[in-house]
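Subject: Structure handover

Hello,

Here is the structure you asked for. Please open it alongside this note, which goes through the findings one topic at a time.

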There are 2 protein chains.
Amino acid sequence: MSATPVPDSIPQPSSKSDFSIHNIPFGIFSTRQDPTPRACTAYGDYVIDLKIMHGLAFFKHLDFPVDVFAQATLNDFIALGKETTSAVRHQVQNLLKDDRAFGIFFNYCAVPMEEAIMHLPIKIGDYTDFYSSIEHATNVGCLFRDPENALLPNWKRMPIGYHGRASSIVVSGTPVRRPLGQSRPLEEGGTPQFGPSKLLDFELEMGFVIGQSTKLGQRIPVEQAEDYIFGMVLFNDWSARDIQGWEYVPLGPFLGKNFASTMSPWIVTMEALEPFRVDGPEQDPPVLPYLAFSGKKNYDIHLEVVIHTDDFDATVCQSNFKYMYWNMPQQLAHHTVNGCNVNVGDMYASGTISGKTKTSYGSMLELSWRGTHPLPMPDGSERRFIHDGDTVIMRGYAEKDGIRVGFGEAAGKVLPAEEMA
Amino acid sequence: MSATPVPDSIPQPSSKSDFSIHNIPFGIFSTRQDPTPRACTAYGDYVIDLKIMHGLAFFKHLDFPVDVFAQATLNDFIALGKETTSAVRHQVQNLLKDDRAFGIFFNYCAVPMEEAIMHLPIKIGDYTDFYSSIEHATNVGCLFRDPENALLPNWKRMPIGYHGRASSIVVSGTPVRRPLGQSRPLEEGGTPQFGPSKLLDFELEMGFVIGQSTKLGQRIPVEQAEDYIFGMVLFNDWSARDIQGWEYVPLGPFLGKNFASTMSPWIVTMEALEPFRVDGPEQDPPVLPYLAFSGKKNYDIHLEVVIHTDDFDATVCQSNFKYMYWNMPQQLAHHTVNGCNVNVGDMYASGTISGKTKTSYGSMLELSWRGTHPLPMPDGSERRFIHDGDTVIMRGYAEKDGIRVGFGEAAGKVLPAEEMA
């Protein structure tokens, strides 16, 4: 990795940068020189220190607490509300467009991205994982149940979801240890197998972060739900298929999922994603009134998954967030229709995002069709599931009319299991 | 409610008090006079203000932060470790035994319990609900699946559990609003029903609170698991059976559970429960090595559920925590065998605690056998499930050799559903 040159004017990002002036996402970083985590945004190959910007009075027109960028999470900043967070974004954009701002702004506040250590940007209170891609749910239904009735009767009636583990959500770059666990006995009624998972998988997902809390008992109407969504991230919901397959009846996924989930460090605001709205798939049968919405509620976000090793990079999946059958406002309206409360920093993941084609499936389970069609790798090896030493890298970006807004990456290297003493 | 008289010496609790000198649980309270939530313990009919005790230097022999009792949750106090929390308990016990301490201690620090407003005592990071009563799992299996194969093949192999919603856990006394939601279509393939749950239920559970955090990737061996458990509470895992029944396949309970869970305000320490250890049910087939334990890991805690209305109190269930097939160390060892991390303040609930007899079942679902055997109430009415206006009160205590250690109660009144605008 070569050092980013010290510029003498504000450098323009390349046209392929995720972090164009149209993005201005939010994150938490530290550096070796200053190891205290603090808030930042990204521009091209640079991280921009919002704490220093605030210290230099660039936000003096906004009335917010002095320490809001000096914290290890963005929760308090996000809780200020979209009017304020949007004003911060616009101020950064204005300065970046102003060449005269180099000396008083960029020169003091920008850090080459390669020097930034990115942290988990939010304290996640609760994490919910949905199951909202019809292609994924259909594939899973075909693989494990009945291809003739792949979708269960409830699937098209509500965004099916379950609660996941918040404590084990880690930021991109954190290694993931292959989990130990029970799997199905070799013979029915026999002793379960126990050991390192043999079927370690990724799930290509996106997540959204709550920007406004509700009280217990309060419902979020579907048409107001966007007000409660601050922004989005890439999300790898790591899954141990053998552990999951043995444990999940009747109460759902548990140890097959909660050993780790990896999220990208940058929260891309819904404002930045506004140009990329598209219609979603037609919903038939019609949804119940509390799930009925108007307008374009899906987003055209290209997604891909790369398996990286010392020897090669293999793109194993290309998908798109626009395929989601259930959109985010529907997920949130459903989640709160019973009065369940949400809090700033809560994470809601989409579920695996698969498309219709075999190269757009968002998990190895589907890509290798439960291991029956191994994927050839550039070095001559094969992958049914993920090997020790593989790094799974998810990337995503939206692009239209020369505007590009990207998410960076959610990456995690799989370490071998640690056997029990 | 009559006012507790102002004593002139430290009053002895009645022999039926949950809060004997052997208990000394921890909670968070406020009063009208001082609405700032702060830490406390309980003794008989009094709450003892630990913040004031600390201010009066009663803990000066313990080296801990000055504000640890001045917080709205016990998390930081619990995180100090059992040596410290135990020393605080013992100091309170020593003072309560010393009649000379009335003037310098009790007179300043005790508040009549009826003046105390109790708060949720912990910030709950993650909440997991187990399913560890064999009688409950068997009953549910009989009711919804096959009486001949009521227990699924995995049930005796591991403590089955799932992640629940932390945000909607409320303290005893908080009203619970009947949730709206979807339920199964009247005709197969038809439009789902939507409206207030018709099958609102309680689940009699106990929960334990984590006292020591782990790092991601760290396993808690079953024999060390007790070191990580700070104490226990009563827990009502409210359930909307009709919502749950329609949504739960394949990913488990979600909106049928997450509208509210009620916990008792007092965390009873494992130290206080030490005298009540008993053997649990025999586990056959033998468990895998990582779940094998030695010694008495169950606790003899009498439990009961009362339906309270303006007109009557009806005890509908008497059960016991000792019936649990899977014990708490096994639950924790299983939960972390894959490296899932735990944090101070996490909540782990037992699942419904049913006994073998029909009056010991821990839910209306089982007590009324899915509504087929309604329970007669003292006023001539019946209950299949819980009605609007009913208050469900759970109580629990351990008693042996004249020593009583109780939990107070976990109570919640059901309010009618709020229809959608």
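This is a predicted model: local features need pLDDT of at least 70, side-chain atom pairs count only at pLDDT 80 or more; totals for chains, interfaces and linings use all residues.

**How the two chains relate**

**The interface**

Chain B puts 59 residues into the contact, and chain A puts in 59 residues. The size of an interface is often given as the accessible area lost when the parts come together. Here, the area buried between chain B and chain A is about 5500 Å². Carbon and sulfur atoms give 61% of that area. Three residues stand out on the chain B side: Arg165(B), Leu251(B) and Phe254(B). They supply 14% of the area that chain B buries against chain A, more than any other three residues.

There is charge pairing across the interface too. The count between chain B and chain A is 4 salt bridges. Arg165(A) forms a salt bridge with Asp126(B), with the closest N and O atoms 3.5 Å apart.

Side chains of opposite charge can pair when their charged atoms come close. Over all chains, the count comes to 48 salt bridges.

Start with Lys257(A) and Glu203(A). Their closest N and O atoms are 2.8 Å apart in a salt bridge. This pair links distant parts of the chain, 54 residues apart. Lys257(A) sits in the loop between α6 (241–247) and β16 (261–263) of chain A. Glu203(A) sits in the loop between β12 (200–201) and β13 (204–210) of chain A. Are these two residues buried or exposed? Both Lys257(A) and Glu203(A) are buried. They also belong to a network of salt bridges that links them with Asp201(A), Asp237(A) and Arg241(A).

Next, Arg383(A) and Asp390(A). Their salt bridge has its closest N and O atoms 2.7 Å apart. Arg383(A) is buried, and Asp390(A) is buried as well.

Last, Asp279(A) and Lys296(A). Their side chains meet in a salt bridge at 3.3 Å, N to O. The two residues are 17 residues apart, and each lies in the loop between β18 (277–278) and β19 (298–299) of chain A. Lys296(A) has 41% relative accessibility, so it counts as partly exposed.

**A sheet in chain B**

Five strands of chain B form an open sheet. Their order is β4-β3-β2-β1-β5, and the pairing is antiparallel. The edge strands are β4 (110–112) and β5 (117–119) of chain B, and each pairs on one side only. On average, neighbouring strands of this sheet are turned by 50 degrees against each other, direction ignored.

Look at β2 (residues 38–43) and β3 (residues 46–49) of chain B. They run antiparallel and are joined by 4 bridges. Ala42(B) has Val47(B) in β3(B) as its bridge partner. Helix α4 (residues 101–109) of chain B packs on the sheet and touches β2, β3 and β4 of chain B. The direction of helix α4 makes about 105 degrees with that of β3(B).

Best wishes

Technical notes: Residues are numbered from 1 along each chain as its sequence is written. Chains are lettered from A and ligands numbered from 1 in the order in which they are written. Side-chain values use heavy atoms; hydrogens and water are left out. Buried means under 20% relative accessible area, exposed over 50%, partly exposed in between (1.4 Å probe, protein chains only). Two strands pair if DSSP finds at least two bridges between them. Axes are lines fitted to C-alpha atoms, for helices over the stretch in contact, and angles run from 0 to 180 degrees between N-to-C directions. Contact means heavy atoms within 4.5 Å. Buried area is the accessible area (1.4 Å probe) that two parts lose on being put together, summed over both.
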